[in-house]
Amino acid sequence: MTEDAIVADAITKAYGSMTAVDHVTFRVPSGGIFGLLGPNGAGKTTIIKVLTGLSALTGGDARVAGFDVRTYPMEVKQRIGWVAAEVILDDDFSGWENLWLQAKFQRVSDWKGRAQQLLDYFALSEFKNNKVSTYSTGMRKKLEIALALLHEPQIIFMDEPTIGLDPGTRRMLWELITGVNREYGITIFLTSHYIEEADALCSQVAILDQGKIAAMGAPNDLKARVQADYIELETGEPTDEARLRAIPGVHEVRAQGRTWILKVDRSEEFLPRLFDHLKPDLIRKINVEKPSLESVFMQLTGKRIDQAGSEVQDYRKFYANVRRARG
Amino acid sequence: MSVETEHTVVLPNANVVAPSATGAHRIGQMSQFTGLYSRELLRTFRNPWVLVITVVQPFMWLAFFGSSFANVPISELERLLHITISSYTQFLLPGVLSTSMLSVGMFGAMSTIQDKRFGYMKRILLTPTSKSTVFVAKALGSATRGLVQIPVMIVAALAFGVTLGGTPLMWAGFVLALIFLALGFSSLFLAVTASSTDWQTPGVISNFIMMPLMFASGALFPTANFPSWMATIANWNPVTYTALLGRGVVVSGSFDWLYLGYVAIFAGLLVLAGTLVGRKYMKVE
């Protein structure tokens, strides 16, 4: 049996009184793509920091590539690659020189052949002597992945690998990530707040919210747990919870900002009833969420993943208060 | 094994190293050190403006400050400076070389802060590179940068008509003392800014230490003319001893090993203390 690539046992990280990661436990099998899915501020980057030895654990234990991260951080670092969310390269140097520096840092003496193969693989050979400040975002991202692969790591940590990229570059990177995982046999641990990214890439997903794991499993297994559709509704005029609850088939009503989230059995049967109860011209926006990782997140936390990290202003309450203040 | 992919050619085979749970060994740091040190030097010497400033600043010291006693009779100067010299510039050269090593640490500190702010420190420290290695490479990098000033200043001094005494061995000893001085002050700067990510910190520290250590030393004027409190500072100030050592070489062709030893101890202590501080307090971002 192959050993798990990563074992996290009740890992905890606190900054003063703020607990960023709270007793998180998971195992990442060797050779898979494991995704940590959660909104901004959920603790995803902190988990990468503690697993890579960049930041000390406050509590719990973790083994990465067979080594305890507390006792053997250097051994861990020899066996992992890292791809930053913000693309970190030395802009004063060429692509080739960035590879050379990485080889020096990773103590790889016989690096040139492999570096050239990686540049060929990522279609960067033509530009290898150009300063990386002249590279496009996609090229920079590809070079960063090449740096992570140079010393033949067992695990690559990717922190929000496609954040801020256009859809075309994102898809290209997805192909590269799955290619690297498949062809190199390297375990990939990635964080993301993009539902579709976790769904497309990951064999295992852990959903993280406010420093805790809310659910974990294969994406299809997680989706199978959701026995309902979610309907997001934005109305032009104020409405109230009781009115929405009164519609037959509604199991749950939650307000998020100016949007209502309704949990229903089957949206196809529910929507005509909704239009009967609310005048259609009252409805400003409607969105149906069939079982997906997004609806898993909604079911677990009552929020959409892309809104959970930021404070959503409840404009209706705000304007109601303004009206009251005016008398 | 090689695999054709749609991106291009061949994917190199990954020879995965089997992890060894008992592999608690010290990981060598020489490769990481040479990488970091080379990076510091290349970044410095590829930037033409850095070179211009490094070269022009000491030259201006000699040109403007060195000329400030041009019309004072030499006998009068010799009486004031307590030494037999051919010009004030000859007296000043070893002093300016010494004081210019005071500020070189600022560049190492700024380069470290840049690495923290742009995230490159994370890239370094997510490899088996220790913070101590980063510290020593940065300190040596900025010290080396300071050494560029030495040949420039000597050429400038010759252009101003200064006669230089001493043997090549004595000059090598003086340069070694300057290296020690630069290394010591670089370590001081790096240690003080270890936990900082603010661009302005090195400038503030530079202003704070430059003025007292430059004037409370024997670099520009002899300490015999100082009030007692300032002479006390000068007696502890390593700039004084590098300047005296250099002045012995330049002016009278003599070499005092004690001065070299003092500066070597200063450098050794500060590199050691700085590395310990850096290892404990150096921030990653």
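Modeller: In this predicted model, the crossing of H5(B) and H7(B) is right-handed. The residues of H5(B) that make the contact are Val104(B), Gly105(B), Phe107(B), Gly108(B), Ser111(B) and Thr112(B), and those of H7(B) are Lys138(B), Ala139(B), Gly141(B), Ser142(B), Ala143(B), Arg145(B) and Gly146(B). Sorted by class, four of the contact residues are nonpolar, seven are polar and two are charged. H5 spans residues 104-117 of chain B and H7 spans residues 131-147 of chain B; their axes come within 8 Å and cross at roughly 135°. The two helices are therefore oblique to each other.

In chain A, six strands build an open sheet of mixed pairing, ordered E6-E7-E8-E3-E9-E10. Strands E6 (80-83) and E10 (212-217) of chain A stand at its edges; each has a single partner strand, so one side of each lacks a neighbour in the sheet. From one strand to the next, the twist averages 15°. Within this sheet, E7 (residues 155-159) and E8 (residues 187-192) of chain A pair in the parallel sense over five bridges, and Phe157(A) has Phe189(A) of E8(A) as its bridge partner.

Helices pack on the sheet as well. Helix H5 of chain A (residues 137-149) touches E6 and E7 of chain A, and its direction makes about 165° with that of E6(A). Helix H11 of chain A (residues 293-301) touches E3 (33-37), E9 (204-209) and E10 of chain A, with a direction at about 35° to that of E9(A).

How values were computed
Residues numbered from 1 in each chain as written. Chains lettered and ligands numbered in written order. Predicted model: local features only at pLDDT ≥ 70, side-chain atom pairs only at ≥ 80, totals over all residues. Axes fitted to C-alpha atoms, helices over the stretch in contact; angles between N-to-C directions. Helix = DSSP H or I, 4+ residues; strand = E, 2+ residues; numbered from the N terminus. Parallel < 35°, antiparallel > 145°, perpendicular 65-115°, else oblique. Left-handed = near helix turned anticlockwise from the far one by under 90°. Contact = placed C-beta atoms within 7 Å. Nonpolar A, V, L, I, M, F, W, Y, C, P; charged D, E, K, R; others polar. Pairing = 2+ DSSP bridges.
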